[in-house]
Amino acid sequence: MPLTATIEDIKAYQEKVEKDKITSKDLPPCPRCNLDSLLFKIHAYRERRFLVIVEMLITSVYCTLVRFRCTGCNKTFTNFPDFAIPHKHYTRQTILNFGNSYVEDDQKTYETAVMTDDGVPENSDSGRALAPSTIHRWVSVLACLNIAYQAILAISLQNNPSSNFLKNLAHLAVPEKKYKTHKRKRCLLRCRWFFQVESFLESQFSPNLQ
Ligand SMILES: [Zn+2]
């Protein structure tokens with residue numbers, strides 16, 4: 001799992017925005033009125049700051065995201081590139097990498113999860129190191145993303161009724177030393193499910209869900 005999206009990934013997306021190559025056709029239908037996304041119109045362009053890790057330095061890169069508007073009910077949507085997670089500056093790859101490192105290793109603590117083979121990433125301006133509390137928050141973010149994946153998963157399982165996938169999910173566990181409350185235990189479990197669901201969906205639909 002890569003540690004970060006690269007500056008090149010983000011520049012490539014920016015170039016697509018500038019050449020009007022980002023269209024609404026890959027978006028799902030409007031969740032409010034079910035209008036086909038082909039009938040969405042461009043609503044706005046918003047500049048967003050992303051944080052990538054270059055040689056263990058956390059560096060800002062700016063990229064424009066495109067917002068579309070449903071012409072049926074005026075609801076607006078952002079088209080998120082595959083390196084973006086809504087409301088997060090760090091790239092999807094970074095959040096997945098550190099989240100995975102924590103939840104998939106029973107021995108990891110938040111303090112050890114921030115460490116990579118090359119050290120702890122530091123902010124290139126402030127010199128501040130990536131904080132263990134940030135990984136704690138990312139685990140919660142991934143647990144919520146898992147909920148968003150449920151609908152896609154249900155459809156996928158209908159097409160693969162013989163899959164052992166659900167049986168495997170039922171066996172996932174979290175060691176007691178990783179939580180103090182039942183709420184956090186549920187969150188950690190959902191985060192573990194997230195990684196299972198993601199790799200399952202990836203095997204079904206790749207490369208779009210990477
Ligand atoms: Zn609509």
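Analyst: A residue is called buried if 20 or more other C-beta atoms lie within 10 Å of its own, and exposed if 12 or fewer do. Please keep in mind that this is a predicted model.
User: Okay, then is Asn-168 buried or exposed?
Analyst: Asn-168 has 11 other C-beta atoms within 10 Å, and because 12 or fewer counts as exposed, Asn-168 is exposed. Asn-168 is found in helix 5, which covers residues 165–170.
User: And how far apart are Asn-168 and Asp-106?
Analyst: Their C-alpha atoms are separated by 18 Å, while along the chain the two residues are 62 residues apart.
User: Switching to helix 2, how many of its residues are buried?
Analyst: Helix 2 is mostly covered, with 10 of its 12 residues buried, and among them are Ile-95, Leu-96, Phe-98 and Tyr-102.
User: What span should helix 2 have?
Analyst: At 1.5 Å a residue, the 12 residues of helix 2 (residues 92–103) should span 16 Å, and this agrees with its end C-alpha atoms, which are 16 Å apart.
User: What about domains, which ones are assigned?
Analyst: The domain assignment gives domain 1 (7–81) and domain 2 (93–205), and their C-alpha centres lie 25 Å apart.
User: How many residues are in contact between them?
Analyst: In domain 1, 5 residues are in contact with 8 residues of domain 2. On the domain 1 side, strand 2 (residues 57–69) gives the largest share, 3 residues, and that side divides into 4 nonpolar residues, 1 polar and no charged.

Notes: Residues numbered from 1 in each chain as written. Predicted model: local features only at pLDDT ≥ 70, side-chain atom pairs only at ≥ 80, totals over all residues. Domains from an automatic or database assignment. Contact = placed C-beta atoms within 7 Å. Helix = DSSP H or I, 4+ residues; strand = E, 2+ residues; numbered from the N terminus. Nonpolar A, V, L, I, M, F, W, Y, C, P; charged D, E, K, R; others polar. Expected span 1.5 Å × (residues − 1).
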